[in-house]
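Work through each task with the structure open, and then compare your reading with the solution.

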Amino acid sequence: MSISFFAECTVLITGASAGIGREFARQLAPAVNTMVLVARRNERLAALEMELRIINPHLEVFSRQLDLRDHAALERFCNWLDESGLSVDLLINNAGLGDRGAFIDSEWERVLAMLQVNIETLTYLTYRILPSMRKSGCGAILNVSSVASLVPVPHLAVYAATKAYVTSFSEALRAELRSANISVTALCPGPVPTEFDDVARREPQVNTAAAGREMFSVPVQEVVRRALNAVSRDKARIIPGTLVNLSMTIFAFIPMYLKRLILNAQAMREKASFVSPAHPKYEISGMI
Ligand SMILES: NC(=O)c1ccc[n+]([C@@H]2O[C@H](COP(=O)([O-])OP(=O)(O)OC[C@H]3O[C@@H](n4cnc5c(N)ncnc54)[C@H](OP(=O)(O)O)[C@@H]3O)[C@@H](O)[C@H]2O)c1
């Protein structure tokens, strides 16, 4: 893939202050004209902005500090976009978060944050930006989902369900928008070493998840490179990483009753290991 496919584009990236979103900004910076970066951590956005200007001195960058759980603030941001005359060519709905642990023990605020950021914001931003794409006659939307969207995941139940929404929404929207020359791609990564696990971890859990997930882990640079390649080739879905891709292909052929047995066993195993950090048996496993 040549990054020049994105030449002259205006790109909006949510969750640009860390991990996958920040890497999208870095890889797109040499090619695009204008970037709008959104996240809550302003100092991170400012540092990234400086970095991007070094990569491409001609790049126009708009950093916006925004809590995507705040619908009124999101609406103000969308109004600003409309008034600014910026016409977004590529929307990267990347911001998202998880919450690892039993649903019954979850804090409602964290559940709500996932529903708001992973589902509501993604849907609303898409809703607000699509009219200008339709007007300009082309555009691309990249929704960052997860392999968790393809299989229910005990102890990540709400997160996986929010991502199932993202993948389903992306596929249906893609079909609706074929005639409008707007492409929609769902990025479904397995584990990627970012801050995601730290955010998803509940206090006082100790994060040993990384150990069991290492063999499936794909570097963030590779995930983003594969995702941008998929957008440039108008692909519906991309699962980066050979092993992750193969596992998901095999899993898709397993009958549901067998999947349930596997999920039950996984849930039991994890439940037994959800103990305080002082406990030597503490361990969390899983691929996502
Ligand atoms: N890492 C993985 O293993 C993995 C696997 C599959 C899918 N994904 C998906 O990939 C996407 C990016 O995750 P990541 O791995 O890059 O995680 P990350 O390093 O934790 O980054 C998450 C980004 O989302 C932003 N964000 C979270 N809540 C927000 C809010 N309320 N308002 C505004 N921005 C918010 C964060 O910015 P601020 O905190 O500065 O606001 C941050 O920039 C997510 O949708 C995630 O579900 C990740």
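A residue is near a molecule if one of its heavy atoms lies within 4 Å of it. The model is predicted, and the solutions below should be read accordingly.

**Exercise 1. The shell around the ligand**

Determine which residues come nearest to the ligand, and describe the shell by class and by element.

Solution. Begin with the shell, where there are 30 residues around the ligand, of which Ser17, Arg40, Asn94, Tyr159 and Thr194 come nearest. Next, sort the shell by class, which gives 14 nonpolar, nine polar and seven charged residues. Finally, turn to the secondary structure: α1 (19-28) and α5 (157-177) each contribute at least two residues to this shell.

**Exercise 2. Polar contacts and cover**

Find the distances from oxygen atoms of the ligand to polar side-chain atoms of arginine 40, lysine 163 and threonine 194, and state how much of the ligand's area the protein covers.

Solution. The cut-off for a polar contact is a pair of N or O atoms within 3.5 Å. For arginine 40, a polar side-chain atom lies 2.7 Å from a ligand oxygen. In the case of lysine 163, the distance between a side-chain N or O atom and an oxygen of the ligand is 2.9 Å, and for threonine 194 the corresponding value is 2.6 Å. As for cover, the ligand on its own has 870 Å² of accessible area, and the protein covers 97% of it.

**Exercise 3. The largest pocket**

Locate the ligand relative to the pockets, and characterise the lining of the largest pocket.

Solution. The ligand sits in the largest pocket, whose volume is about 780 Å³. This pocket is lined by 37 residues, and those closest to its centre are Asn94, Ala95, Gly96, Leu97 and Phe196. By class, the lining comprises 18 nonpolar, 11 polar and eight charged residues. Elements that each supply at least two lining residues are α1, β2 (34-39), α4 (108-136), α5 and α6 (196-200).

**Exercise 4. The largest cavity**

How many cavities of 30 Å³ or more does the structure hold, and what lines the largest cavity?

Solution. The structure holds five such cavities, and the largest cavity has a volume of about 70 Å³. Its lining consists of Cys78, Leu81, Asp82, Leu86, Ser87, Val88, Arg128, Ile129 and Ser132, with α3 (71-84) and α4 as the elements that give two or more residues. Sorted by class, this lining has five nonpolar, two polar and two charged residues.

Technical notes. Residues numbered from 1 in each chain as written. Predicted model: local features only at pLDDT ≥ 70, side-chain atom pairs only at ≥ 80, totals over all residues. Heavy atoms only, no water. Polar contact = N/O pair within 3.5 Å; in protein donor to acceptor, adjacent residues only side chain to side chain. Areas by Shrake-Rupley, 256 points an atom, 1.4 Å probe, with all protein chains shown as cover. 1 Å grid on protein atoms, 1.4 Å probe; cavity = no way out; pocket = protein on both sides within 12 Å on 5 of 7 lines; lining within 4 Å. Sits in = over half its atoms within 2 Å of the grid points. Helix = DSSP H or I, 4+ residues; strand = E, 2+ residues; numbered from the N terminus. Nonpolar A, V, L, I, M, F, W, Y, C, P; charged D, E, K, R; others polar. Points joined across faces, edges and corners; volume = space filled by probe spheres on them.
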